[in-house]
Amino acid sequence: MTIHLHDTRQGRKVPFEPLHEGTVTMYLCGPTVYNYAHIGNARPAVVFDLLARILRRRFDLTFARNFTDVDDKINAASVETGKPIDEITAKYMTAYNHDMGALGVLPPDVEPRATQHIDDMVAMISALLERGYAYEAEGHVLFDVTSYADYGALSKRDVREMVAGSRVEVAPYKKSPQDFVLWKPSTPELPGWDSPWGRGRPGWHIECSAMAARHLGDTIDIHAGGQDLVFPHHENELAQSRCAHDGADFARYWVHNGFLSMDHEKMSKSLGNVILVHDLIKTIPGEVIRLALLGAHYRQPLDWSEETIRAAKRMLDRLYGAIRGIDVPEGIRDAAEAPEALVAALEDDINTPKAMAEFFALAKTLNKAVDAKEQQRLAATMLATGDLMGLLQSDPEEWFAGHVEGQLSSDDIEALIEKRDKARAAKDFATADSVRDQLTAAGIKIEDGAGGTTWRRSD
Ligand code: AMP
Ligand code: ZN
């Protein structure tokens, strides 16, 4: 069986074949680092971490996930907080890696930062100008979408229709409304770099094209990201990369994850309905969050609720319950591999619901096994499956004792209740409410009665 992936450009699931036999290159658009990642942002990180793990079984993979550390949203955050840009980006890059690490996301092979690739971007923009795909206007350099006949092929949009139907306010220096910025001028207060077009900074799209080319080559195998990036970000990356590289294809496969919503509304910073991973991992084990994110097929929408978390917790309890108390000798553990049917499900466009069904079937077989050797073999197979999927990484006894990193112990809960009581007594209701929210998120129900506050775990 070959690995199959749904390719956005072809609009269907296709067999995956890398450009060079045995090696694979994959690029995932990473975060813009001006605040903490929300659980929606974690979906691509977790899904493509799993894809990386699947690919590594067969191929020598180079996986790059960038940090966008120059962006107008970062500049705005700096003005708002009065903190230097470097301080903001450093803080949120560290937080991102910490938070994703808690979800079992392994570090990618390369984590390029936009600010460390300005020369590559300038070189690429120069190449585009030389070849007639870009033009200078009022200190800006813009990509001319009419110069590239295939513009719109990835997102299936017709550039002429887009231009005609465009209602956006068009900058006067643009030849067509869809032309996008490759380079823009910076005022003295803004971050900027010297360039042939004056002191300025890059547009967002060119960052990824330049970093992908630098670390993975002109043609990469897989380009991944959230569905919202298909247009304009990936369409623009594709256009400028091909034009700068004499028509060489940019990415052989485009893989996009569906959106995470809450109460059926997209989770996004602008709507203000975000749950930060940074907060969630204080009270919920990372594996629960990981499994909750992998519970739906990655292309499907995923509605996030307390029940999503509770269901994932129950599933992990079942898996940990099956291996609990079985001492697996190291030799058996090392020799074990994930079952073929489960791997086949993952290799079939990352079919995690099917893979999880196989995982439970395995747990069920183990629960029924009576022979000690058979139990060890099955438990080892479960652990190997866990290694592949980034699950079952805790000791089962610790899991059930609730000592898993991030999960609240009784002492933690009581300390939080005391903090809330004190806050209420001091009429600091903001703190009191935030502690209550933290407890609720951890599945702890509290009740205020005459004799004080009581609590119970809600599942
Ligand atoms: P951003 O920092 O907004 O550029 O987002 C970083 C990554 O998270 C991108 O790949 C987005 O497509 C993805 N993303 C943002 N919001 C969601 C969401 N609600 N559900 C799934 N993916 C998301
Ligand atoms: Zn990108």
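Aspartate 228 has a side-chain N or O atom that lies 2.4 Å from an oxygen atom of ligand 1. This arrangement belongs to a predicted model. A nitrogen atom of ligand 1 is 2.7 Å from a backbone N or O atom of leucine 260, and a nitrogen atom of the ligand is 3.5 Å from an N or O atom in the side chain of asparagine 257. On its own, ligand 1 has 490 Å² of accessible area, and the protein covers 89% of that area.

## The shell around the ligand

There are 14 residues around ligand 1, and those that come nearest are Gly40, Gly226, Asp228, Leu260 and Met267. By class, the shell consists of seven polar, five nonpolar and two charged residues. Helix H1, which spans residues 39–56, gives the most to this shell, with three residues.

## The pocket

Ligand 1 takes up the space of the largest pocket. The volume of this pocket is about 830 Å³. Its lining is made of 36 residues, and His38, Asn41, Asp228, Leu229 and Lys269 are the ones nearest the centre.

Helix H1 supplies the largest share of the lining, five residues. At least two residues each come from H1, helix H3 (85–102) and strand S9 (220–226). The lining divides into 16 nonpolar, 12 polar and eight charged residues.

Methods. Residues numbered from 1 in each chain as written. Chains lettered and ligands numbered in written order. Predicted model: local features only at pLDDT ≥ 70, side-chain atom pairs only at ≥ 80, totals over all residues. Heavy atoms only, no water. Near = heavy atom within 4 Å. Polar contact = N/O pair within 3.5 Å; in protein donor to acceptor, adjacent residues only side chain to side chain. Areas by Shrake-Rupley, 256 points an atom, 1.4 Å probe, with all protein chains shown as cover. 1 Å grid on protein atoms, 1.4 Å probe; cavity = no way out; pocket = protein on both sides within 12 Å on 5 of 7 lines; lining within 4 Å. Sits in = over half its atoms within 2 Å of the grid points. Helix = DSSP H or I, 4+ residues; strand = E, 2+ residues; numbered from the N terminus. Nonpolar A, V, L, I, M, F, W, Y, C, P; charged D, E, K, R; others polar. Points joined across faces, edges and corners; volume = space filled by probe spheres on them.
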